Amino acid sequence: MKYLANALLILCLLAASCEAKGLGRRARAAIRAPRRTAPRRDPNEKVFNVLQYGAKPGGKQDSALSFIRAWRAACNYRGTARLLIPMGTFLIGATIFQGPCLGPVPIKVQIAGTLKAVPDPSMYEEDFWILFEKINGLLVTGTGTVDGQGNAVWKYNDGGSRFPSSIKFNHVVNGIIRQITSVNPMGFHISIVLSQNIRAKNLHITAPATSPNTDGIHISQSSVVKVSRSVISTGDDCVAIIQGSTDVSIKKVTCGPGHGFSVGSLGKYPDEKDVRGVVVTNCTLRNADNGVRIKTWGGSPPSQASNILFQDIIMDNVKRPIIIDQTYGSKSNSPSRVKISDVRYINIRGTSASAVAVDLMCSKTVPCEKLYFSNINLKYYGQKKLPFTSTCTNAKVNYAGYQFPPPCR
Ligand SMILES: *[C@@H]1O[C@H](CO)[C@@H](O)[C@H](O)[C@H]1NC(C)=O
């Protein structure tokens, strides 16, 4: 390894531009830290550096077209391809990385530098800033930053139109996104739509607690999505699992501030698909508004949310650690028709900032079924002297093991 790294360094010293050959950074890194395994590199891999397509670092001038040109070249290349966004700051407006691509899977996108969005929502016709679309086999890796510059535009968010997500996967199959930092998106940090077999890991997701609608990872109409080993502090849901999501797992994710891990909101629109198979395990919530939440709109059309597991969760000063809210966001008084069933809460401990730590507000028309609580150990850390309780409306609950707050009667 060391020998190879030295060889690369010499090659680099001889070459006019290390970066252009794609050897520089990694070779130097290998020499600094010879014991760390460098990422495996296909010797036939061709690097498409956005600088060679006219991108200008410095963050003053919109480089989106150069990014798209570099992507087109990488995507149309029939060998192993990597799109490289090198160190430096690049300003880009709406950017679409579209497949299908012609080379062996996966195509790699390495973000080493910082991307800054043009901070003007009217410049974005759709609901994304950076879009990956119609790609089978994609690896988006870091360790760069995407900065949506949302702090400049949140004040215009009246809740009406949706602001662009920083990164959107649309119709991506077999995708990985890892080691990216996302700060201050205009809308969601990462949105995963109509995609299959996606992994999101080692992500750092940050926005102020007061930023509007800045979901961390927003998943809809997708199956087999795994989020792990990430830290999310944001103004809305840390992870939102929306209609048509099946087989979603969230592991070892820390959330807070933020609105917690949410299934929903569901039932806002007609013809929503069911949510089935959600697992949230080994997660920590810290100073979050909610812990684990299921939310559906009042007066909603019928659909289902079922087979959901929340296990091994730590709550640290969470306002509503366990909540089902089937009257969410509704102006209508009629009950929700989203049927919630087969939800298990196992080994949930820590502290609650409110006296009602378990709040189950289910629908009168379609009551919650097969709710199971096992080993719930929460403490009240609120200011007021109130009894620490659970409330249940239209909910059938089975209890096992320790329960604090005490179960509903
Ligand atoms: C959580 O992590 C612990 C320690 O790694 C492990 O033993 C446990 O099985 C995990 N829980 C779940 C539900 O995966």
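Q: Which residues count as nonpolar, charged or polar?
A: Ala, Val, Leu, Ile, Met, Phe, Trp, Tyr, Cys and Pro count as nonpolar, and Asp, Glu, Lys and Arg as charged; the others, Gly among them, are polar. In this predicted model, the shell around the ligand divides into no nonpolar residues, 3 polar and 1 charged.

Q: Which residues surround the ligand?
A: The ligand has Thr 281, Asn 282, Gln 311 and Asp 312 around it. Strand E19 (275-286) and strand E21 (303-318) are the elements that give two or more residues to this shell.

Q: What is the pLDDT average of the protein?
A: The average is 90, and 90% of the residues score at least 70. Residues 1-37 have a pLDDT below 50, although this stretch has 29 contacts in the model beyond near neighbours in sequence. Where pLDDT is low, predicted coordinates should not be read in detail.

Q: Which residues touch the most other members of the largest nonpolar core?
A: A nonpolar core joins buried residues through C-beta atoms within 7 Å. Here the largest one holds 99 residues, and Val 239 and Ile 241 touch the most other members. Strand E7 (residues 128-141) gives the most to this core, with 8 residues. The core lies between domain 1 (42-236) and domain 2 (242-409), because both give residues to it.

Q: What does Val 239 touch, not counting residues up to four places away in sequence?
A: Val 239 touches Gly 216, Ile 217, Val 227, Ile 250, Val 253 and Phe 261.

Q: How many helices and strands does the protein have?
A: The protein has 4 helices and 27 strands. Of its 409 residues, 45% are buried. Among contacts between residues at least 6 apart in sequence, 76% join residues at least 24 apart.

Key
Residues are numbered from 1 along each chain as its sequence is written. This is a predicted model: local features need pLDDT of at least 70, side-chain atom pairs count only at pLDDT 80 or more; totals for chains, interfaces and linings use all residues. A residue is buried if 20 or more other C-beta atoms lie within 10 Å of its own, exposed if 12 or fewer, and partly exposed in between; C-beta atoms are placed from the backbone. Domain bounds come from an automatic or database domain assignment. Two residues are in contact if their C-beta atoms, placed from the backbone, lie within 7 Å. A residue is near a molecule or strand if its C-beta atom, placed from the backbone, lies within 6 Å of it. pLDDT is the predictor's confidence in each residue, from 0 to 100.
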